[in-house]
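Open the model in your viewer and keep the selection panel at hand. The tour goes stop by stop.

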4 protein chains.
Amino acid sequence: MNQKLNELKRPGGTSPRTARTRTALGEALLSLLEEQPFEHITVKQMTGHAGVGYATFFRHYPDKEALLHDLAAHEIGKLLAMTLPILYTADSLASTRALCAYVWEHRRLWRALLTGGAAAILKEEFLRKALQLAEERPNPEPWLPDELAVTFAVTGVVEILAWWLKQSDPPSVQQMAEVVNRLTVTPIFPPEAEHS
Amino acid sequence: MNQKLNELKRPGGTSPRTARTRTALGEALLSLLEEQPFEHITVKQMTGHAGVGYATFFRHYPDKEALLHDLAAHEIGKLLAMTLPILYTADSLASTRALCAYVWEHRRLWRALLTGGAAAILKEEFLRKALQLAEERPNPEPWLPDELAVTFAVTGVVEILAWWLKQSDPPSVQQMAEVVNRLTVTPIFPPEAEHS
Amino acid sequence: MNQKLNELKRPGGTSPRTARTRTALGEALLSLLEEQPFEHITVKQMTGHAGVGYATFFRHYPDKEALLHDLAAHEIGKLLAMTLPILYTADSLASTRALCAYVWEHRRLWRALLTGGAAAILKEEFLRKALQLAEERPNPEPWLPDELAVTFAVTGVVEILAWWLKQSDPPSVQQMAEVVNRLTVTPIFPPEAEHS
Amino acid sequence: MNQKLNELKRPGGTSPRTARTRTALGEALLSLLEEQPFEHITVKQMTGHAGVGYATFFRHYPDKEALLHDLAAHEIGKLLAMTLPILYTADSLASTRALCAYVWEHRRLWRALLTGGAAAILKEEFLRKALQLAEERPNPEPWLPDELAVTFAVTGVVEILAWWLKQSDPPSVQQMAEVVNRLTVTPIFPPEAEHS
DNA sequence: CTCTAATCGAGACGGTACGTCGCGTCTTACG
DNA sequence: CGTAAGACGCGACGTACCGTCTCGATTAGAG
């Protein structure tokens with residue numbers, strides 16, 4: 001018969017109402033992520049928490065994964081916006097320090113994103129952005145394929161940050177920056193001058 | 001009164017029948033993992049594929065994760081049995097080469113385990129075993145907490161292998177061994193004598 | 001923690017949709033009762049027959065017994081509404097005749113209710129209603145406890161009607177009314193004046 | 001293929017072992033009936049209670065219903081053996097008194113049989129035997145079909161006895177005998193000479 | 001300030017998978 | 001070599017959640 005009745009128009013308008021709903025859903029997800037892993041969160045919980053009708057969720061996102069993707073992309077965008085400039089202009093340690101500082105500052109948010117079973121999706125999003133960047137700045141190392149380098153770096157950073165935010169007695173930003181630098185940056189971009 | 005009438009006894013006996021069923025289920029899972037991600041595999045698919053009744057699955061494992069855990073523990077055990085001896089007696093590159101060679105030899109199995117959404121559980125199991133080993137050989141580096149070192153190393157290795165097995169034109173064992181060594185071993189256990 | 005997340009709300013609204021579903025389920029059960037005993041009827045059969053999703057059944061009734069109870073209460077209500085007035089105003093024979101006539105008129109329905117293994121539940125419901133009525137009109141006989149009288153009468157009536165509706169060549173309404181009267185009413189309420 | 005492999009030889013022999021097993025199963029069922037309704041009793045419970053292997057049950061009875069039938073037939077046989085002679089030689093009240101006395105004497109057994117959801121099957125068995133008897137002694141009443149008379153009488157007796165055995169403060173045997181007589185015997189076999 | 005269309009809330013529903021349960025059959029190890 | 005212990009196939013159950021689908025009720029922004 002009619003194989004596609006449910007075009008299910010996504011409210012694309014930037015009407016205040018739409019924005020309000022989306023924000024509420026995003027915050028509901030984040031707040032739930034602090035209590036339980038992502039896979040156990042149900043759409044009903046989110047909508048209930050956001051004070052929004054159940055069906056309304058699907059008017060904005062096809063899945064709960066989609067919402068998380070959105071959130072992840074947004075937050076990673078902010079993160080990169082803060083740290084990328086430094087990456088281009090300064091040495092790598094300064095850049096990782098900026099990264100760690102930023103994450104630490106928003107640790108509640110990033111703990112939810114990195115330790116609640118959501119890390120996989122977040123990493124995916126991170127990877128996507130990182131691969132885009134990598135195309136502009138190819139890695140010269142012959143023994144290490146570009147894609148693998150980026151994958152490894154992103155995974156490493158995500159894993160280290162996740163470990164950090166899980167600790168009850170976490171190391172300082174400075175210490176973590178050094179760890180990130182030594183474990184993920186240096187092996188991939190070996191310091192040019194090693195002799196001095 | 002009697003709060004537990006049903007017990008749902010797990011067949012613990014080593015009768016041939018039990019063993020046959022378990023093997024069939026394990027192989028069914030592996031063969032399905034080659035076609036679809038772990039989360040999309042249903043218990044019904046596995047039992048159907050294994051020629052076993054649906055309920056029988058739960059007589060052996062509480063859920064599909066448990067089966068995967070079992071499989072993972074078993075295969076990782078075999079892997080470590082092959083590579084650990086070398087790790088203790090020889091240099092790290094030989095050890096990583098042995099690891100890569102072993103994985104390459106059983107690449108069909110490991111591709112299923114590492115690229116089908118099952119990597120997370122496999123990593124968990126790997127981590128468990130690695131942490132046990134780490135307790136016996138504490139890492140002396142002061143800037144790097146033991147647990148983080150192991151977590152990072154395992155994640156890195158898993159990720160690198162996963163990337164490798166996904167490639168349509170994969171690098172050689174030798175190349176990958178070098179990559180693994182440079183990215184995960186060297187940063188954590190810096191070569192003692194670098195000056196010569 | 002939160003011991004009841006799921007609530008499994010029963011649709012209580014009198015929306016047309018809800019009513020339609022309930023009706024469909026009731027009719028499905030009745031129509032199935034004509035072919036097989038109640039205990040052999042599965043929820044899947046009912047929902048299939050009613051053109052309704054399997055889970056939907058449980059949104060309305062906790063089990064198939066509940067649906068039958070509902071049906072029974074409803075039909076017994078109608079039956080009593082027809083026969084009670086007569087019971088109060090006229091002699092007992094007229095009342096039993098009204099009862100039999102009513103049942104005969106709806107014999108397809110009552111055959112399903114009384115001969116399909118559903119009789120037990122129907123009797124239970126009947127008993128409940130009859131006991132309520134009995135409280136208002138206590139039975140004066142000293143040798144016969146009230147509760148026993150009602151239980152016996154209801155059981156007797158149900159049994160007689162069940163037998164009647166099972167016959168391939170059933171007696172007339174008038175004959176059955178007399179049987180019911182002589183077997184269940186007269187022994188319990190002996191005619192005061194027998195001599196005239 | 002082989003459509004009937006499981007002829008499942010029932011041990012028909014009267015070997016002591018067979019008899020012991022059957023007795024144990026029967027007693028297990030009875031003892032369980034004192035605690036829970038028949039439908040909730042599982043074969044595993046019975047075999048466990050009887051100290052007998054699970055599969056062994058099915059070597060003796062196809063169902064749990066079959067076991068109950070056996071039990072019922074046996075006990076009803078004993079009951080009738082005690083009360084029938086009186087029925088033939090003496091007045092009806094003496095007969096019902098004998099019946100009630102017998103039941104009262106074995107009230108633990110009969111309570112289990114009559115109040116534990118097993119009544120239906122017991123009634124069925126009772127009916128079977130009673131119909132056999134009725135063929136030999138046709139009921140002369142023209143207004144009451146034989147089969148209905150027997151059905152009604154058996155149901156009535158069973159129901160009255162069930163009520164009796166459920167009471168916390170039960171009437172005496174004498175009282176119950178009178179009730180049974182007045183409710184089930186007299187209406188069916190009206191006393192010939194009432195006038196004297 | 002009103003009208004009209006987009007959006008929303010509420011929640012019933014079909015569907016799929018889950019995990020549990022009990023029955024009756026079949027295998028196997030043990031005595 | 002027969003029998004108990006118990007694994008197994010089967011199929012129903014009841015639960016959970018998803019994503020779709022009505023309905024009205026609200027709301028917002030265009031006229």
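**Stop 1: chains A and B**

Select chains A and B of this predicted model. Their contact draws 18 residues from chain B and 18 residues from chain A. Which elements of chain B give two or more residues to the side that touches chain A? They are helix H8 (146–166) and helix H9 (173–185) of chain B. Color H8(B) next: with 8 residues, this helix supplies the largest share of that side. Now color the side of chain B that touches chain A by residue class. You will find 10 nonpolar, 5 polar and 3 charged residues.

**Stop 2: the relation between the copies**

Keep both chains on screen. Superpose chain B on chain A: a rotation of 180° does this, with 0.1 Å of shift along its axis and an RMSD of 0.1 Å. The two copies are thus related as by a two-fold rotation axis. Next, compare the two sides of the interface. Of the interface residues of chain B, 100% are also interface residues in chain A, so the copies meet through the same surface.

**Stop 3: two helices of chain C**

Move to chain C. Select helix H1 (residues 16–33) and helix H4 (residues 64–89) of chain C. Their axes lie 10 Å apart, and the packing angle is about 90°. H1(C) and H4(C) are therefore roughly perpendicular to each other.

Show side chains at the contact. From H1(C), pick Leu25(C), Gly26(C) and Leu29(C). From H4(C), pick Leu67(C), Leu68(C) and Leu71(C).

Key: Residues numbered from 1 in each chain as written. Chains lettered and ligands numbered in written order. Predicted model: local features only at pLDDT ≥ 70, side-chain atom pairs only at ≥ 80, totals over all residues. Contact = placed C-beta atoms within 7 Å. Helix = DSSP H or I, 4+ residues; strand = E, 2+ residues; numbered from the N terminus. Nonpolar A, V, L, I, M, F, W, Y, C, P; charged D, E, K, R; others polar. Axes fitted to C-alpha atoms, helices over the stretch in contact; angles between N-to-C directions. Parallel < 35°, antiparallel > 145°, perpendicular 65-115°, else oblique. Least-squares fit on C-alpha atoms with pLDDT ≥ 70 in both.
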